[in-house]
Amino acid sequence: DMVEATFYLCTYEFILKGIVSPWCDVFEKEDVEVLEYLGDLKQYWKRSYGYKINGLSSYRLFQDLFQYMDQTIEESERNQSISHTAVIRFGHAETLLPVLTLMGYFKDDYPLLANNFEAQKGRKFRSGWISPFAANLVLVLYRCSKARGLGDKYKLQLFLNEKPLPFPHSGNLVTDYEDVKYSYEHLTESLKFNNVCEFATREDLISLEHDEL
């Protein structure tokens, strides 16, 4: 506990004040990597791929995203004023990490464990990068006025911490809204409060088996 507390003093002063704290001098580079991995282990098992229920816990928020976008498209097609030009939700890592897990991002080939630190040095799941201070996830819905059909008219782009993030199902930075919706149909259409635990025991959850980025 004292080692972790010292490490947090080092990192917080650097992040918040931009200074290298004297507490940092007690750590070697390998010490920092091990302590970073310890933090990732906690986040992985509490809020991400450690248990399927972690990602599924955010299903309602995930469904809300698509419901608002569906409503926006419907109003646009009817030439109505858009009810919600922006929908903003505030939360913490406990909100963001499960949503990204449900979408299939940052999943490694093998689970993060206490005994495979060396094998996971090149891991995708790095909680400090995924969910730092002021972390944010933005979905932008575009309307292409020159599109020939409805399927090509609405595009979706995703940003994580102000940086474009490719979609797991296609690898594209911008893709057809209907394609994204279809790739998550099993979560937006079938998942409900009374069957979340049933979903958590299934082995065929597509969102947890992508070749994640």
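Predicted model: local features only at pLDDT ≥ 70, side-chain atom pairs only at ≥ 80, totals over all residues.
1. Starting in the sheet: Phe-159 sits opposite Pro-164 in β3. That belongs to an antiparallel pairing of β2 with strand β3 (residues 163-164) over two bridges, where strands count as paired if DSSP finds at least two bridges between them. The two strands make a hairpin with two residues between them, and Asn-161 in the turn has a positive phi of about 55°. Helices (H or I, at least four residues) and strands (E, at least two) are DSSP runs, numbered from the N terminus.

2. Residues are numbered from 1 along each chain as its sequence is written, and side-chain values use heavy atoms, with hydrogens and water left out.

3. Strand β1 (residues 137-143) pairs with β2 in the antiparallel sense over seven bridges, with Arg-143 bridged to Tyr-154. Strand β4 (residues 174-176) also runs antiparallel to β2, joined by three bridges, and here Gln-157 faces Val-174. Six of the seven residues of β2 (residues 154-160) are buried, so the strand is largely enclosed by the rest of the structure. Buried means under 20% relative accessible area, exposed over 50%, and partly exposed in between (1.4 Å probe, protein chains only).

4. Now the charges. Side chains of opposite charge can pair when their charged atoms come close. With a salt bridge taken as a side-chain nitrogen of Lys or Arg within 4 Å of a carboxyl oxygen of Asp or Glu, the count comes to 13. One to look at is Asp-176 with Lys-155, whose closest N and O atoms are 2.3 Å apart. The pair links distant parts of the chain, Asp-176 in strand β4 and Lys-155 in strand β2, 21 residues apart. Asp-176 is buried, at 14% relative accessible area.

5. Arg-126 and Glu-36 form another salt bridge (3.4 Å, N to O). Arg-126 lies in the loop between α5 and α6 and Glu-36 in helix α2 (residues 29-47), so the pair ties together parts that are 90 residues apart in sequence. Both ends are partly exposed: Arg-126 at 23% and Glu-36 at 33%.

6. Gln-120 is in the loop between α5 (93-103) and α6 (127-130), and at 5% relative accessibility it counts as buried. Its side chain makes polar contacts (N or O atoms within 3.5 Å; within protein, one able to donate a hydrogen and the other to accept it, and sequence neighbours counting only if both atoms are side-chain atoms). The Gln-120 side chain reaches the backbone oxygen of Tyr-110 at 2.9 Å, and a polar atom of that side chain lies 3.2 Å from the backbone oxygen of Pro-111. Leaving aside residues up to four places away in sequence, Gln-120 touches Tyr-37, Asp-108, Tyr-110, Pro-111, Leu-112 and Arg-126, where contact means heavy atoms within 4.5 Å.

7. Helix α5 is another covered element: eight of its eleven residues are buried, so it is largely enclosed by the rest of the structure. Among the buried ones are Leu-96, Val-99 and Met-103. Just after α5, Gly-104 takes a positive phi of about 95°.
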